[in-house]
Amino acid sequence: VISSHWTPQSMLRRWGADVLRKLVPLSKSSNIILTAHPKLWELTETEDFSPGTLWQRLAEIEAQNPNIRILKQANSLPLLNATDVLISGNSSIRIEYAVLERPALFYKSPGGHFTSSHVQSLYEKSAYTFSQLEGLDELVRTALSQPDAGIEGTRELKQQFHANLGHSAATMADVIRKIGRISSPASPGWKKAQEISLQSQGN
């Protein structure tokens, strides 16, 4: 799965359909799905970027390659569940994918980075990092053949962003039960909610 953000530094904004074209040889033995943040397709057309032209060029590649699919809008969770390698940039989809502890490629854009250097480091440590299209297909092959190469970094990323994995629904139900009914800061249970929140932060 290739998942692009919508910002000027994202893969599809920088390279357009070339990012998919570069991976066409892999489609002989693998299924390739390309999707993007919904905002990408809603951007106003400019001299530098045309969502309509991009879609047309991607669709042409799709039409010529039966194992390639382009999705304008997709529920990311089922996609990720079926994904062997994720190619993404500075996007939260990487955090969702980390739960599965499968290999990933991280596009480190020259002009884009996280405000937190720690988060940036976690993204880079947990994936095969690239900044150019040259050699991207080989990097995918490497990730498929060495799926555990960034596993420790992936676990660090998962630890940083996910809480109560496997027990989140039960944890939320317990919090709601403890807080009770509240509708505003004037509600009798507001103070209790604040106390529970502080306890949670302490843990």
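Predicted model: local features only at pLDDT ≥ 70, side-chain atom pairs only at ≥ 80, totals over all residues.
1. Six strands make up an open sheet with parallel pairing, and their order is β3-β2-β1-β4-β5-β6. At its edges lie β3 and β6, each of which pairs on one side only. On average, neighbouring strands of this sheet are turned by 15 degrees against each other, direction ignored.

2. The β5 and β6 pairing. The strands β5 and β6 run parallel and are joined by three bridges. Leucine 105 has tyrosine 128, in β6, as its bridge partner.

3. Helix α3 on the sheet. Helix α3 packs on the sheet, where it touches β2 (32-36) and β3. The direction of α3 makes about 155 degrees with that of β3. Alanine 59 belongs to helix α3. With 24% relative accessibility, alanine 59 counts as partly exposed, since the buried class requires a value under 20%. The C-alpha atoms of alanine 59 and arginine 69 are 8.5 Å apart, and the two residues are separated by 10 residues in sequence.

4. Asparagine 65 is placed in the loop between α3 (51-64) and β3 (68-71). Its relative accessible area is 14%, so asparagine 65 is buried. When residues up to four places away in sequence are not counted, asparagine 65 touches Val24 and Ser27.

5. The nonpolar cores. The largest nonpolar core contains 31 residues, and Leu20 and Leu105 are those with the most contacts inside it. Two or more residues of this core come from each of the elements α1 (11-15), α2 (18-21), β2, α3, β3, β5, β6 and α7 (136-145). A second, separate core has 14 residues, including Val1, Ile95, Ala98 and Phe106.

6. Leucine 105. Which residues are in contact with leucine 105, leaving aside its neighbours within four places in sequence? They are Val85, Leu86, Ile87, Ser88, Ala127, Tyr128, Phe130, Leu136, Leu139, Val140 and Ala143.

7. Aromatic pairs. Tyrosine 107 and phenylalanine 130 are both buried. Together with Trp15, Tyr107 and Phe130 form one aromatic cluster.

8. Phenylalanine 114 and tyrosine 123. The rings of phenylalanine 114 and tyrosine 123 have centres 4.6 Å apart and planes at 55 degrees, so the pair is tilted.

9. Charges over rings. The charged end of arginine 13 sits over the ring of phenylalanine 49, at 5.0 Å from the ring centre. Lysine 72 lies over the face of tryptophan 55, 4.9 Å from the centre of that ring.

How values were computed
Residues numbered from 1 in each chain as written. Heavy atoms only, no water. Buried < 20%, exposed > 50% of the residue type's maximum accessible area, 1.4 Å probe, protein only. Phe/Tyr/Trp six-rings, centres within 6.5 Å; stacked < 30°, edge-to-face > 60°. Lys NZ or Arg CZ within 6 Å of the ring centre and 35° of its normal. Helix = DSSP H or I, 4+ residues; strand = E, 2+ residues; numbered from the N terminus. Contact = heavy atoms within 4.5 Å. Pairing = 2+ DSSP bridges. Axes fitted to C-alpha atoms, helices over the stretch in contact; angles between N-to-C directions. Core = buried A, V, L, I, M, F, W, Y, C linked by side-chain atoms within 4.5 Å.
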